[in-house]
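The following exercises ask the reader to work through a single protein chain, one step at a time. Each task is followed by its solution.

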Amino acid sequence: MSQQPMSLRRAFELIRRNKAVVGGAIGLGLIIGAAFGSVNPPQLTASALVILPNTKIPANTMTVLATSDPVLSSARPNISPAPTGIVTLRQEVTAVSTSANIISVNAQAKNPAVAESAANAVANSFVGYLASSQSPIGQVNAHILQPASTASGPNPLVHRLVYALIGAIAGLLVGLIAAIARGRGDRRLRTRDDIANAIGVPVLASLPVSHPANPQDWAKLLDSYQPGAVHAWRLRKTLQHLNVSGVNVTGDREGEAPVVAVVTLTGDSRAIALGPQLAAFSASLGIPTALAIGPSQDPNLTAALRTACAGWKGSRSSLQTTVLDADGPVMPDDVALTVLVVAVDPASPRSLFGDLPVTATVIGASAGGATAEQLAAAAIKATGGSREVAGLLVADPDQSDRTTGRIPQLPRQAPRMPTRLTGIRTEVTR
């Protein structure tokens with residue numbers, strides 16, 4: 001799966017599968033952006049207007065003088081708090097000509113009082129500088145037309161929202177990249193075709209499964225499980241495929257009852273309910289069925305199920321349960337079908353089957369629950385030297401999966417006709 005070439009469709013699929021990563025990145029970016037906007041409030045602007053007498057001095061010259069070093073140096077002590085230097089003050093103060101003889105001195109600060117103080121101090125210093133003998137354009141009698149009184153700027157809430165939106169967009173981009181990278185590195189199989197091709201056997205049925213967390217929930221599943229029409233049909237076809245008597249009878253009930261082992265992986269907890277659901281469905285058809293809980297290389301995985309089966313007394317008279325212990329496999333002998341649930345660890349070299357009288361083996365896996373290597377290792381441990389895997393059951397199939405999991409049969413080649421037939425003359429028309 002991770003080796004497939006990247007396309008737009010596959011990228012969207014990887015993003016959909018890792019939507020939690022994308023959502024988390026968006027949420028984190030939103031919080032960081034809003035926090036940044038809160039600790040960095042918007043810049044507010046205060047303006048003081050200076051009126052000049054009619055003079056032939058260009059307005060551009062006046063605006064340059066308003067932010068010159070002498071003016072800023074004289075204004076700096078009157079600003080509270082005082083800027084660290086003239087360079088900093090020049091970055092915060094600008095002067096523009098609003099008309100032929102009016103100069104607007106504008107100051108920016110995050111605090112409105114600081115902005116108003118800076119605008120008024122620079123405007124007063126400018127007026128004093130023009131009236132002094134140090135003025136390079138001669139003494140000019142200017143005065144304050146309107147002092148700075150109210151600083152204005154962006155709405156603080158809007159400011160935070162803008163930064164939050166920027167953070168969310170940045171988080172979205174990071175989340176998309178992370179989702180695609182995570183998906184490309186994920187080797188777990190998700191489609192029916194990929195699961196089937198991993199070990200070369202078909203998918204017999206795929207259906208949603210329950211996820212009981214305690215013995216009571218397991219007992220309720222065994223007593224009342226009834227799939228919908230579509231999934232019920234798939235389970236019926238599975239029983240027919242396994243040649244179970246009572247459904248499309250193809251055999252008799254003489255001799256030992258068939259034992260179908262549903263093998264799941266210890267790391268795939270979602271698939272553990274496949275065996276119990278198959279047994280409960282078989283019993284709902286009136287087939288005398290036993291659910292046997294076999295050994296597990298992860299005791300915690302089947303602990304609640306074993307507890308439920310050990311003391312289960314349900315209303316389905318055609319279903320009985322048993323828990324196999326270490327003393328030896330004791331299978332019920334008064335049933336038409338036994339479903340054996342076994343959980344194996346693909347990484348463990350030890351096999352759990354031993355002398356279990358298994359008639360057919362089915363491997364259960366959930367979509368995204370195992371890699372091809374894990375399924376192959378489980379198949380090897382389940383089959384041993386004489387058994388074969390009859391098929392696969394897929395739990396919780398991906399909603400976007402449109403594959404079937406049926407292994408296609410190779411087309412048979414038509415027999416080649418002999419080039420020469422006795423007694424028949426072949427002519428080639430050119």
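**Exercise 1. Classify Arg90 by its accessibility, and describe the salt bridge that contains Arg90.**

Step 1. The model examined here is a predicted one. In it, Arg90 has a relative accessible area of 34%. Buried residues lie under 20% and exposed residues over 50%, so Arg90 counts as partly exposed.

Step 2. The side chain of Arg90 meets that of Asp69 in a salt bridge, with an N to O distance of 2.1 Å. Asp69 belongs to helix 4 (residues 69-75) and Arg90 to helix 5 (residues 86-92), so the pair ties together parts that are 21 residues apart in sequence.

Step 3. Asp69 has a relative accessibility of 41% and is therefore partly exposed as well.

**Exercise 2. How many salt bridges does the structure hold, and which residue forms one with Arg192?**

Step 1. The structure holds two salt bridges.

Step 2. Arg192 is paired with Asp401, and their closest N and O atoms are 3.1 Å apart. Arg192 lies in helix 8 (residues 192-199) and Asp401 in the segment after strand 11 (389-395), so this pair ties together parts that are 209 residues apart in sequence.

Step 3. Both partners are to be classified. Asp401, at 8% relative accessibility, counts as buried, and Arg192, at 11%, counts as buried too.

**Exercise 3. Determine where the buried residues of helix 12 lie around its axis, and what they pack against.**

Step 1. In helix 12 (residues 299-310), the buried residues are Leu301, Thr302, Ala304, Leu305, Ala308 and Cys309. These residues cover an arc of only 140 degrees around the axis, so they are on the same side of helix 12.

Step 2. The face turned away from the buried side carries the exposed residues Pro299, Asn300 and Ala310.

Step 3. The buried residues of helix 12 pack against several elements, including helix 9 (215-224), helix 11 (274-284), strand 6 (259-265) and strand 7 (289-296).

**Exercise 4. Is Val259 buried or exposed, and which residues does Val259 touch?**

Step 1. Val259 is found in strand 6. Its relative accessible area is 4%, so Val259 is buried.

Step 2. Not counting residues up to four places away in sequence, Val259 touches Met331, Thr338, Leu340, Pro357, Val358, Thr359 and Ala360.

Step 3. Val259 and Leu291 are 32 residues apart along the chain, and 9.8 Å separates their C-alpha atoms.

**Exercise 5. Describe the surroundings of Thr63.**

Step 1. Thr63 is placed in helix 3 (residues 59-66). With a relative accessible area of 13%, Thr63 is buried.

Step 2. A polar atom of the Thr63 side chain lies 2.7 Å from the backbone oxygen of Asn60.

Step 3. Apart from neighbours within four places in sequence, Thr63 is in contact with Ala95, Val96, Ser97 and Ile103.

**Exercise 6. Which residues make the nonpolar surface patch, and how is Val158 classified?**

Step 1. Val158, Val162 and Ile166 make a nonpolar surface patch of about 250 Å².

Step 2. Val158 lies in helix 7 (residues 156-185). Its relative accessibility is 45%, so Val158 counts as partly exposed.

**Exercise 7. Summarise the protein chain as a whole.**

Step 1. The chain has 13 helices and 11 strands. Of its 430 residues, 43% count as buried.

Step 2. Among contacts with a separation of 6 or more, 80% are between residues 24 or more positions apart.

Step 3. The accessible surface comes to about 23,300 Å², and 55% of this belongs to carbon and sulfur atoms.

Conventions:
Residues are numbered from 1 along each chain as its sequence is written. This is a predicted model: local features need pLDDT of at least 70, side-chain atom pairs count only at pLDDT 80 or more; totals for chains, interfaces and linings use all residues. Side-chain values use heavy atoms; hydrogens and water are left out. Helices (H or I, at least four residues) and strands (E, at least two) are DSSP runs, numbered from the N terminus. Buried means under 20% relative accessible area, exposed over 50%, partly exposed in between (1.4 Å probe, protein chains only). A polar contact is a pair of N or O atoms within 3.5 Å; within protein, one must be able to donate a hydrogen and the other to accept it, and residues adjacent in sequence count only if both atoms are side-chain atoms. Contact means heavy atoms within 4.5 Å. The arc is that of the directions from the helix axis to the C-beta atoms. Patches are made of residues with over 30% relative accessible area and no salt bridge: like charges are joined within 9 Å, nonpolar side chains (Val, Leu, Ile, Met, Phe, Trp, Tyr) within 5 Å. Accessible areas come from the Shrake-Rupley method with a 1.4 Å probe; for residues, only the protein chains shown count as cover. A salt bridge is a side-chain nitrogen of Lys or Arg within 4 Å of a carboxyl oxygen of Asp or Glu.
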